[in-house]
Amino acid sequence: MKVRIKFSKEGPVKFVGHLDTMRYFQKAIRRADLPASFSGGYSPHMIMSFAIPLGVGTESTGEYFDLELSETIPTDEITQKLNQTMTEGFTVISTRQVEDGKAGKAMSLAAAADYLIEFYQGKEPTVSWKDQIGEFMALKEISVLKKTKRSEKEINIRPYIYKMEARDNKIFMMLASASSNFTKPELVMETFFSWLGVELKEFSFKVKRLEIYADIGTEDQHKFVTLESLGEEIE
């Protein structure tokens, strides 16, 4: 049985790195006495994979990992057992059974993600930025310099910004998140305000990831659905 577990990561645990988050859930799965499957060989490991690593300092209400179990268990029971072991800040939201195989992995399915950006008190730019988002999104090309270990190259990130809008004093974004076009909200923020002629102060805003999506549409027409919706509840 392969399940997809959706969880939130909020509060002080946002400073727990990705690898430590993986280790935490491995321990939680053992404490919950769930029959996790392990790989073979001399160094067996729990068969699980996370959708997209979450940056240190970023909160989220929509994180996912896939887990293989050696037995079939009701999905609600898995959620309840895990939540009984969770520390403050981690909450399992749902568990869904998903198809086996590499094609069904959350990591390979992730195509987009929602983010909400909020300025810290006293750090919001004084420039009138809310009315400018529409004009920014109307640009045909938004070029940034992407640095790699070996070189630098200019890329157009406009196709990877699916949505961007003001929500009160916050900024909502839906951005590409596949391995080939992963776009960081911090990069979009820096690029947007640079376009406005404003240099953002260091640590002036915080980012919260809201959801992760798969794309079941075509190359010409995106159709985003949550990773949770691709699974089903089992009683």
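**Entry 1: what I am looking at.** I am working from a predicted model, not an experimental structure.

**Entry 2: the cores.** I started with the largest nonpolar core, which has 33 residues. Inside this core, the residues with the most contacts are I161, M164, M189 and F193. I then looked up which elements give two or more residues to it: β5 (110-119), α4 (133-137), β8 (161-167), β9 (170-176), α5 (185-195) and β10 (205-215). The most comes from β5, with five residues.

Skipping its neighbours within four places in sequence, I found M164 in contact with I133, F136, M137, I171, F172, M173, V188 and F192.

There is another core apart from this one, with 24 residues, and V3, A32, I73 and L82 are among them.

**Entry 3: helix α2.** Which residues of α2 are buried? In this helix, residues 75-83, I get T75, I78, T79 and L82. Why do they sit on the same side of α2? Their arc around the axis is only 100°, so they share one side of the helix. Next I checked what lies over the buried residues of α2, and the cover includes β1 (2-9), α1 (18-31) and β4 (90-97).

**Entry 4: the cavity.** I searched the whole structure for cavities of 30 Å³ or more and got one. The volume of the largest cavity is about 60 Å³. Its lining is made up of F7, K9, G17, H18, T21, F50, I52, P53, L54 and E63. The elements giving two or more residues to that lining are β1 and α1. Sorted by class, the lining has five nonpolar, three polar and two charged residues.

Entry 5: How much space lies in the largest pocket? I read about 590 Å³. It is lined by 25 residues, and the closest to its centre are V56, T58, E186, F205 and V207. Both α5 and β10 supply at least two residues of the lining, with β10 giving the largest share, four residues. By class, I have 12 nonpolar, four polar and nine charged residues in this lining.

**Entry 6: T58.** T58 is in the loop between β2 (48-50) and β3 (59-68). Buried or exposed? T58 has a relative accessible area of 9%, so I put it down as buried, the cut-off being under 20%. Not counting residues up to four places away in sequence, T58 touches K14, V207, K208 and R209.

**Entry 7: V98.** My last stop was another loop residue: V98 lies between β4 and α3 (106-109). Its relative accessibility is 8%, so V98 counts as buried too. Leaving out neighbours within four places in sequence, I find V98 in contact with K2, V3, R4, L230 and G231. I also took a distance: V98 and G197 are 99 residues apart along the chain, and their C-alpha atoms are separated by 47 Å.

Methods. Residues numbered from 1 in each chain as written. Predicted model: local features only at pLDDT ≥ 70, side-chain atom pairs only at ≥ 80, totals over all residues. Heavy atoms only, no water. Buried < 20%, exposed > 50% of the residue type's maximum accessible area, 1.4 Å probe, protein only. Arc of directions from axis to C-beta. Contact = heavy atoms within 4.5 Å. 1 Å grid on protein atoms, 1.4 Å probe; cavity = no way out; pocket = protein on both sides within 12 Å on 5 of 7 lines; lining within 4 Å. Points joined across faces, edges and corners; volume = space filled by probe spheres on them. Nonpolar A, V, L, I, M, F, W, Y, C, P; charged D, E, K, R; others polar. Core = buried A, V, L, I, M, F, W, Y, C linked by side-chain atoms within 4.5 Å.
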